[in-house]
Amino acid sequence: MTLATLTPAALKADFPSLAGGWHYLDTAATAQKPQAVIDATVNAMGRDYATVHRGVYARSAEMTLAYEATRRKVASFIGGSEDEVVFTRGATEAINLVAYSHPSAAGRRRRVLLSVLEHHSNIVPWQLAGWQVDVCPLTADGCIDLDAAERMLTPEHSMVAFAHVSNVLGSQLDVRRAADLAHSVGAQLLVDGCQAVPRLPVDVAALGCDYYVFSAHKLYGPTGIGALWARAELLDAMPPWQGGGSMIDQVSFARTTYAPPPQRFEAGTPAIVEAIGLGAAVDYVSAIGLPAIHAHEAALVAQARAELARINSLTLFGPEDSAGIVSFALEGVHPHDLGTILDEEGVAIRAGHHCAQPLMEHLGVPATARASFGLYSGEDDIAALIRGIERTRRIFG
Ligand code: PMP
């Protein structure tokens, strides 16, 4: 397998944290940051710093332009319009926002269809906000079983909330079909795009979903910021979630009125520096191009799966065409032990339940080992992983 599309060695040089030959295979947890993002945040925090939206002085006006430019960049990156993009702290907060603020349509229950593979952040908010939760099973190779979803959906459901790409299995959702199924019973589709946005071209209009959420830190941007995209009429119908500055129209003790979306959902001074970093991350990823990143990661997954499959008593989870993520278990070795030994070899993988305990239960394991790739990953990272696993095998006999 040749990795013709990207030259990871050159791209690695953009990432100061990868200097020195660290084999970072935990990009699904959080991506390393390119110098362009670091520079943008340093400048926003230093040279250019000022508040946004309220300042009458030039630097604040410039900061506001830069901050709002990120909203436009995010919108065009995922195919929406800028007034449909709400900045949140991340995907977790975005899902909480929808779970709490979703207006119950007349005659409909707060009933949501989730799937077995969801991240806890797409399970617990619905539980906390009092939704009745139904759980769609998976196919044998670990994809959300949309035939089962079709049988399970009823006119009582007002929401379907599925991951676009599983953070454990890398399995990909047919979003278009999921949207059609949800809409056929009058429900809406929320897509958790955390693991998709960094590795697949996303166009919310073509996908037909109603809500799309993601976190910047998995897209090579800063922590502390992410986005909720929702169709304009859905945001219009949603009451405010948190109260405070910036989300109002007029405030009096008798009656307070609210700003239109997206400001209605952005109470308080926002994550200004992080938003500018997110804009730089979108620019960086867009310049390389999602089709190239996707092809690159697909080649890495194919190579990693083929090499892992040759190792004795190693079980691979997830479908052949998993997006950027490979989960596995080594018989007789706890994933944490494997992770520790690999760390000694300069290889960083994830070991644990990956915030997907229902999926672990479904797979019948307490934890898995997970290698996940990014645009900077290369064949050398896979070779180091395989060497480390072979050493672990020798240690455990
Ligand atoms: N959904 C998926 C599929 C994820 O991988 C993650 C992060 N691991 C989240 C949601 C939550 O993202 P965050 O913690 O950045 O809000």
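Helices here are DSSP runs of H or I with at least four residues, strands are E runs of at least two, and both are numbered from the N terminus.

A quick note on ground rules. This is a predicted model, where local features need pLDDT of at least 70 and side-chain atom pairs count only at pLDDT 80 or more, while totals for chains, interfaces and linings use all residues. Residues are numbered from 1 along each chain as its sequence is written, and side-chain values use heavy atoms, with hydrogens and water left out.

**Helix 14**

Helix 14 has 18 residues, and at 1.5 Å a residue it should span 26 Å, which agrees with its end C-alpha atoms being 26 Å apart. The expected span is 1.5 Å times one less than the number of residues. Buried residues (under 20% relative accessible area; exposed is over 50%, partly exposed in between, with a 1.4 Å probe and protein chains only) in this helix include D381, L385, I389 and T392. An α-helix has 3.6 residues a turn, so residues three or four places apart point the same way.

**Aromatic rings**

Rings of Phe, Tyr and Trp (its six-membered ring) pair if their centres lie within 6.5 Å; planes under 30 degrees apart are stacked, over 60 edge-to-face, and the rest tilted. By this rule there are seven aromatic pairs.

| Pair | Centre distance | Plane angle | Class |
|---|---|---|---|
| F15 and Y220 | 6.1 Å | 65° | edge-to-face |
| Y220 and Y376 | 5.8 Å | 85° | edge-to-face |

F15 is buried, Y220 is buried at a relative accessible area of 0%, and Y376 counts as buried at 1%. Ring pairs link F15, Y220, Y284 and Y376 into a cluster.

**Out toward the solvent side**

S286 is in helix 10 (residues 272-288) and is partly exposed, at 41% relative accessibility. Its side chain reaches the backbone oxygen of V282 at 2.6 Å. S286 and H334 are 48 residues apart in sequence and 39 Å apart in space, C-alpha to C-alpha. Y100, in helix 4 (residues 91-101), is also partly exposed, at 39% relative accessibility.

Methods
A polar contact is a pair of N or O atoms within 3.5 Å; within protein, one must be able to donate a hydrogen and the other to accept it, and residues adjacent in sequence count only if both atoms are side-chain atoms.
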